[in-house]
Every structure is written in structure tokens, then in C-alpha cells.
Amino acid sequence: MSLPHAILTALLEKPSSGLELTRRFDKSIGYFWSATHQQIYRELGKLERAGHIRALPAPVPARGQKKEYEVLPAGRAELSTWVARAEDPKPMRAALLLRMRAAAVVGAPGLRAELRRHLDLHRRQLDEYLAIETRDFPTDRRRTEPDRLRHLVLRGGIDMERFWVQWLTSALTELDEA
């Protein structure tokens, strides 16, 4: 149920077309909640039918013109209700961990190379997050609560990437000792 809420959040930050929304997902929300172009367009239709968003009127009507959407009061209320709702943590789903468990049963050819590849990907993602933090959250600036919340989300991503870098490094060391 979180994709509609991710879309409402993004549209409240800035009214956008579906295409702009997918691009913005790739640069922000997509770091922790991914969605395909088709999923976003499907959810936009559902949100519009539910009365949570509306397409803004085009300045000049034209066939094939992209629609820009904004959140209606009912959509803001839905998002506020969702934010306040209690929700238990979900179990982690990590295909790599499942593959390692399977490798314990069927063998592990190529597993070390895959672990090294994942380590490289997590190091790159960590570097990207750290660059975003340096660019968007300088320490000498007073921030509003929305800024602090955005920074906390980014720091969660930084901490998660640091976890994976440390864990993968440790896993590779342990496997190499065998």
C-alpha cells in the first residue's frame, strides 16, 4: 500500500506529470521505494479515481499533452492518516541472503564473485549518499523540521549501506579463510 503514499508525498512536494514523477523517483524516493513507470501511471489513475489527486487543467488543450497532477485535500488527509498509523516492521527480503542459503545446499560456484560485485555496488551507493549529504545538508546551516526529516531518511540509507559494506567485507573474509 506504500506506493500510493510515496506518490502522494512526491506530488505534495511538487505537482508533476507522470514522466516527471518517475524521474524524481529515480533521484529521491526511488533510493528506498522503487516503482516502474507503469506502476506509477497505474497508481496515478487509481489515486485520481479515488479523488486523492487531480490532473491540472492544461493552459492550452492539446492531444497527447502530458497531464500534471496535484494532491487534493482528500489525498493529503489519506497521507496524514497513513503517516500516523502504527505499523510493525516487515521482515527483510534480500535475494542475496536467500541465494547464500541455497548455496549452502547446492554449492557456491561464483558466489564470491557475486559477493564482491555486491560489495562494489554498495560502496558506490554509499559514496553517492555521502555526496548527497555533503551537497544537500551542510552542517553549518540551520534546518527546518522537514529538512531534518529528509536528512534522517538519507542517514538511514547511509547507515544501511555501511552495514552492507561491513557485512559483505566480513563475509568475504570468512569465506576466504576456508
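What volume does the second largest pocket have? In this predicted model, where local features need pLDDT of at least 70, side-chain atom pairs count only at pLDDT 80 or more, and totals for chains, interfaces and linings use all residues, that volume is about 170 Å³. Residues are numbered from 1 along each chain as its sequence is written, and side-chain values use heavy atoms, with hydrogens and water left out.

**Helix 5**

- Helix 5, residues 95-106, has 12 residues and reaches 16 Å from its first C-alpha to its last, close to the 16 Å expected at 1.5 Å a residue, the expected span being 1.5 Å times one less than the number of residues; helices are DSSP runs (H or I, at least four residues) numbered from the N terminus.
- Its buried residues are Leu 96, Met 100 and Ala 103, where buried means under 20% relative accessible area and exposed over 50%, with a 1.4 Å probe and protein chains only.
- These residues cover an arc of only 55 degrees around the axis, which puts them on the same side of helix 5, the arc being that of the directions from the helix axis to the C-beta atoms.
- On the other side of helix 5, the exposed residues are Ala 95, Leu 98, Arg 101, Val 105 and Val 106.
- Gly 107, which follows helix 5, has a positive phi near 105 degrees.

**His 122**

- His 122 lies in helix 6 and, because its relative accessibility is 15%, counts as buried.
- Apart from neighbours within four places in sequence, His 122 is in contact (heavy atoms within 4.5 Å) with Glu 161, Trp 164, Val 165 and Leu 168.

Technical notes. 1 Å grid on protein atoms, 1.4 Å probe; cavity = no way out; pocket = protein on both sides within 12 Å on 5 of 7 lines; lining within 4 Å. Points joined across faces, edges and corners; volume = space filled by probe spheres on them. Helix = DSSP H or I, 4+ residues; strand = E, 2+ residues; numbered from the N terminus.
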